[in-house]
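Biologist: Please take me through one part of this model in detail. Then show how the rest is arranged around it.

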Amino acid sequence: ESRRLRNSGFVPATIRNGNDISYISIDQKDFEKKYFAGSVFSSPITIELEGKKVEIITKDVEIHPVSDRPIHADFVQINKDQPVIVKAKVNFTGQDKSTALKRGGFLHTNVRMIEIICKNVDSIIQNIDINIEKVPVGGKIRSDIIQLPENISLRKKNKFLIASILGRGGAKASQS
């Protein structure tokens, strides 16, 4: 059945609501557009399921090992007043003004998306902007320095590495 759906231009998907699972199919072109834009994990979608309008959010996407195109999606039904776990895309700002990058440093990204807990559907954000303008060569950007809006917290409580600036040009050694 899944193969037939994919050949017809659809992506098979599941929607979880507690212990209940519903099976649906979604238009492949529309879903791929959101997936490749990076907003699929943080954009609530309103669909009609069994005659009722429900809001869902993407939990996981299985991709084809060769083509990197989505072949299956898992959604979670969300309630307007309850906390929502989403994956927000990390954007690095200040790259054009960064002296470390101008001196030949290289921005090494460890994490492209960060799981966050939003207080409710209305507080969902799609991007987390991190300014790297003042990060020196050899500097690390860790999760504990991120400034998040109100009503939003990191899902992982431990300190994890988001990115670092690698390369030469750190502290110069003095010659005697």
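Biologist: Which residues of helix H2 (residues 28–37) are buried?

Modeller: First, the ground rules. This is a predicted model, in which local features need pLDDT of at least 70, side-chain atom pairs count only at pLDDT 80 or more, and totals for chains, interfaces and linings use all residues. Residues are numbered from 1 along each chain as its sequence is written, and side-chain values use heavy atoms, with hydrogens and water left out.

The buried residues of H2 are Gln 28, Phe 31 and Glu 32. Buried means under 20% relative accessible area, exposed means over 50%, and partly exposed lies in between (1.4 Å probe, protein chains only). Seen down the axis of H2, these buried residues fall within an arc of 100°, so they line one face of the helix. That arc is spanned by the directions from the helix axis to the C-beta atoms. An α-helix has 3.6 residues a turn, so residues three or four places apart point the same way. The face of H2 turned away from the buried side carries exposed residues, Lys 29 and Lys 33.

Now the cover. The buried residues of H2 are covered by elements including helix H1 (2–7), strand E1 (10–17), strand E2 (20–27), E4 and E5. Contact here means heavy atoms within 4.5 Å. Helices (H or I, at least four residues) and strands (E, at least two) are DSSP runs, numbered from the N terminus.

Next, the sheet that supplies some of that cover. E1, E2, E4 and E5 belong to an open sheet of five strands, ordered E2-E1-E5-E4-E3, with mixed pairing. Two strands pair if DSSP finds at least two bridges between them. E2 and strand E3 (45–49) stand at the edges, each with a single partner strand, so one side of each is left without a neighbour in the sheet. From one strand to the next, the twist averages 40°. For such angles, axes are lines fitted to C-alpha atoms (for helices, over the stretch in contact), and values run from 0 to 180 degrees between N-to-C directions. E1 and E5 run parallel and are joined by four bridges. Within E5, Asp 74 stands opposite Thr 14.

One loop of this sheet deserves a stop. Asp 68 sits in the loop between strand E4 (52–63) and strand E5 (70–78). Its phi is near 60°, a positive value in a residue other than glycine. Asp 68 counts as partly exposed, at 42% relative accessibility.

Strand E8 (residues 113–118) and E11 run antiparallel, joined by three bridges. Ile 117 stands opposite Ser 153 in E11.

Asn 151 is found between strand E10 (140–142) and E11, with phi near 70° in a residue other than glycine. At 41% relative accessibility, Asn 151 counts as partly exposed.

Now follow E6 out of the sheet. Asp 96 lies in the loop between strand E6 (84–93) and helix H3 (99–102). Asp 96 is exposed, with a relative accessible area of 60%. Its C-alpha atom is 9.6 Å from that of Ile 132, which lies 36 residues away along the chain. Ser 98 is in the loop between E6 and H3 too. Ser 98 counts as buried, at 0% relative accessibility. Leaving aside neighbours within four places in sequence, Ser 98 is in contact with Ile 132, Glu 133, Val 135 and Ile 165.

Finally, the whole protein. Its secondary structure comes to three helices and twelve strands. The radius of gyration is 20 Å, well over the 16 Å that the globule rule gives for 176 residues, so the protein is more spread out than a compact globule. That radius is taken over C-alpha atoms, and the rule is 2.2 Å times the number of residues to the power 0.38. Along the principal axes, the C-alpha atoms fill a box of roughly 80 × 40 × 25 Å. Of the 176 residues, 38% count as buried. Among contacts with a separation of 6 or more, 62% involve residues 24 or more positions apart.
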